[in-house]
Amino acid sequence: MLTWLQRNSLDFPPLSKALRDPDGLLAAGGDLSAERLVRAYRHGCFPWFQEGQPILWWSPDPRTVLFPEELHVSRSLSKVLRQQRYRVTFDQDFAAVIQACAEPRSYAKETWITGKMQDAYRQLHARGHAHSVEVWEDDVLVGGLYGLAMGQLFFGESMFSRADNASKVGFATLVEHLKAWGFVLIDCQMPTAHLQSLGARSISRQAFADYLHTHLDAENNADWLPRRV
């Protein structure tokens, strides 16, 4: 039975209560307050819903993740990185990145990154939880991604690309920095060919929960100051 969240409580049901069909649906309702979103990620779930639906919270099994040391850089991507065609920055324009991620794709007319979702994650960014990666060609934003950093874990949310390999350049650059900063895992949520080509793979929901327990409150040496990287 699906759990409906109450606005006066930030508690989520145990991950074991997630439905098998649809896979990983854990709860519905509540709100998108910064406090609830932080609690959700710490608990092992994330919001995903379409316009007109109630807020839906998911914890899929298996979970798609990427271990920084397993990042796969193809020959073509390695060549693009060496060419330094793109300039990569962190946290220089979070609002522009999430807006670009919300734009319709060729394969989908609707977006789950609604205006309310954008507002919610901008709040998380203002509080230092959410971060953006910007990829520039000259002074034009051509790619990027955003997500949350907690302890030694990074929770990826969405990425976009307006030029060849732009999002891959941003992701690869982020992963190398996360590895240097002591992060042990990047949550990719659901499998895509794009992420799998970069080395993402699936682990069980229980294994993911174990990483949360061990690394959510562990120290890292991240430096998210807005800057070129």
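Entry 1: I started at Tyr211, which is partly exposed at 26% relative accessible area (buried is under 20%, exposed over 50%, partly exposed in between, with a 1.4 Å probe and protein chains only). I'm working on a predicted model, where local features need pLDDT of at least 70, side-chain atom pairs count only at pLDDT 80 or more, and totals for chains, interfaces and linings use all residues. Residues are numbered from 1 along each chain as its sequence is written, and side-chain values use heavy atoms, with hydrogens and water left out.

I then counted 10 aromatic pairs (rings of Phe, Tyr and Trp, the last by its six-membered ring, with centres within 6.5 Å; planes under 30 degrees apart are stacked, over 60 edge-to-face, the rest tilted). Tyr211 pairs with Phe67: the centres are 5.6 Å apart and the planes at 55 degrees, so I noted it as tilted. Phe67 is buried, at 6%.

**Entry 2: another pair.** Phe154 and Trp224 have ring centres 6.1 Å apart and planes at 25 degrees, so this pair is stacked. Phe154 is buried at 2%, and Trp224 also counts as buried, at 14%. I found both in a cluster linked by ring pairs, together with Phe90 and Trp181.

**Entry 3: cores.** Which residues have the most contacts inside the largest nonpolar core? I got Trp57, Tyr121, Tyr146 and Phe155, in a core of 49 residues (buried Ala, Val, Leu, Ile, Met, Phe, Trp, Tyr and Cys joined through side-chain atoms within 4.5 Å). Apart from this core lies another, of 30 residues, including Phe171 and Cys188.
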